[in-house]
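Student: Could we go through this one together? I'd like to start with the metal and then move on to the packing.

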Amino acid sequence: MKYGVCNWIFGAEDLVSTAAFLAEAGFDGVELEGGLRRYQADEVNSILGDNGLAVLSLTPEDVDLAHPEARVRKEAVDYYLRLLDFAAAVGAPVVSCHGAVGRVRALAGYEEEYQHFVSGVRHIATRAGELNLRLAMEVLNRYESHLLNTATQAVEFVEEVGAPNVGILLDAYHMNIEEADPAGAILDAGGRLFLFHAADSNRQAVGRGHSDFLALTRALGRAGYPGDVILECTSTGPDPFTPIKGEGWLAEVRQFTKESLRLLKGYADLAQPPGKDDC
Ligand code: LER
Ligand code: MN
C-alpha cells in the first residue's frame, strides 16, 4: 500500500515546498491537482524525483461531462484528454473523474445527464486505454454532486460504461455521509476499486472524527485492494470548496497529514491477518 496526499489540500503552495514536506513526513507520493496551467510535466518529474516521490494519481479540475450543453461537455472531454496526456507524462497510473463539484441537481433531466456522463467517460476511457491508464470514478456526497453518490450507483455506472480500465474511487469522507455501511461499500466495489481517499467524518485528520478506519482498512484488505491511499483532509473551518481556511490553516493541515499517516499505518498493521507465529 502506498500513501499519498492530494496537493489540493495545500492550496496554491508551490510543489517544491509540498514535495519536501511530504518526503520528510514519510509519504510515497502525491495526487496532483490537474490544474494544467499550473505545472509542466518535466518540472513535476524533476521536483518529485528529487524528493523520492511518485505521482500516484491526478484529480481533475472542475469540468462538467454531464452538462446538457454540448459545448460544455466538449470542453470537459477535451480537458480530460489533455489531462490523460499529462498523466502519462508524469507516470500517474490513475486519473480520477467525477461530476462537476458543486452541481447538486440536474439542469435538464437526471437520466439525460447520466447518459451524457456515460458517453463522455467511454470516450475518455478509450484514450486512457491507449495510454495504459485507468480512470477512477469518484463517488461524491449529495452536497457536491447529483450523479454518483453511492458505491452501488458507481458499480452500476462502471458496468454500463463497460470498459475494463474504468473503476471506482471511494472517499471515506463522502462515504460517511452517504453509505449505510461504509466498509460494506468497499466490499461492494471489490475489484472495481481503483483508488481510495481518506479523511475522517468531518474531513479532518484520520482519528479526529467518528469514521471507523480500522473497519475500512480491514475491508480494503478483504477486497484485495491493491491501490493507494490518498489523504484528502482539510483544516478546520467553513466552505468545503476551499482548503484555505482561517489563520494557521497550512500548519494545521500539515499536522493532520502527519497524524493521519501514523494512524493509517497503525490500522494497516492491525488489519493484517494473524501470521502462523501469532496463533
Ligand atoms: C471533492 O470533495 C473530492 O473529494 C475530490 O476528491 C474531488 O476532486
Ligand atoms: Mn475525494
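Predicted model: local features only at pLDDT ≥ 70, side-chain atom pairs only at ≥ 80, totals over all residues.

Student: Which protein donors hold the manganese ion (ligand 2)?

Tutor: They are Glu 138 (OE), Asp 171 (OD), His 197 (ND1) and Glu 232 (OE), lying 2.1 to 2.2 Å from the ion; donors here are N, O and S atoms within 2.8 Å of the metal (3.2 Å for Na, K and Ca), and water is not among the atoms, so sites may look incomplete. In sequence, the donor residues follow the spacing E-x32-D-x25-H-x34-E. His 197 in strand E7 (residues 193–198) and Glu 232 in the loop between strand E8 (229–231) and helix H9 (249–271) are 35 residues apart, and this pair links distant parts of the chain. Helices (H or I, at least four residues) and strands (E, at least two) are DSSP runs, numbered from the N terminus.

Student: And are His 197 and Glu 232 buried or exposed?

Tutor: Both His 197 and Glu 232 are buried, where buried means under 20% relative accessible area, exposed over 50%, and partly exposed in between (1.4 Å probe, protein chains only).

Student: Switching to H4, where does Tyr 114 sit, and what does Tyr 114 touch?

Tutor: Tyr 114 is found in helix H4 (residues 110–130), and Tyr 114 counts as buried because its relative accessibility is 9%. Leaving aside residues up to four places away in sequence, Tyr 114 touches Leu 147, Leu 148, Gln 153, Glu 156, Phe 157 and Glu 160, contact meaning heavy atoms within 4.5 Å.

Student: What do the buried residues of H4 pack against?

Tutor: They pack against H3, strand E4 (94–97), strand E5 (134–138), helix H5 (151–161) and strand E6 (166–171).

Student: Last topic: how many residues are in the largest nonpolar core?

Tutor: That core has 94 residues, and those with the most contacts inside it are Val 121, Phe 157, Leu 170, Ile 186 and Phe 196. Its largest share, 9 residues, comes from helix H3 (residues 70–90). A nonpolar core is a set of buried Ala, Val, Leu, Ile, Met, Phe, Trp, Tyr and Cys residues joined through side-chain atoms within 4.5 Å.

How values were computed:
Residues numbered from 1 in each chain as written. Chains lettered and ligands numbered in written order. Heavy atoms only, no water.
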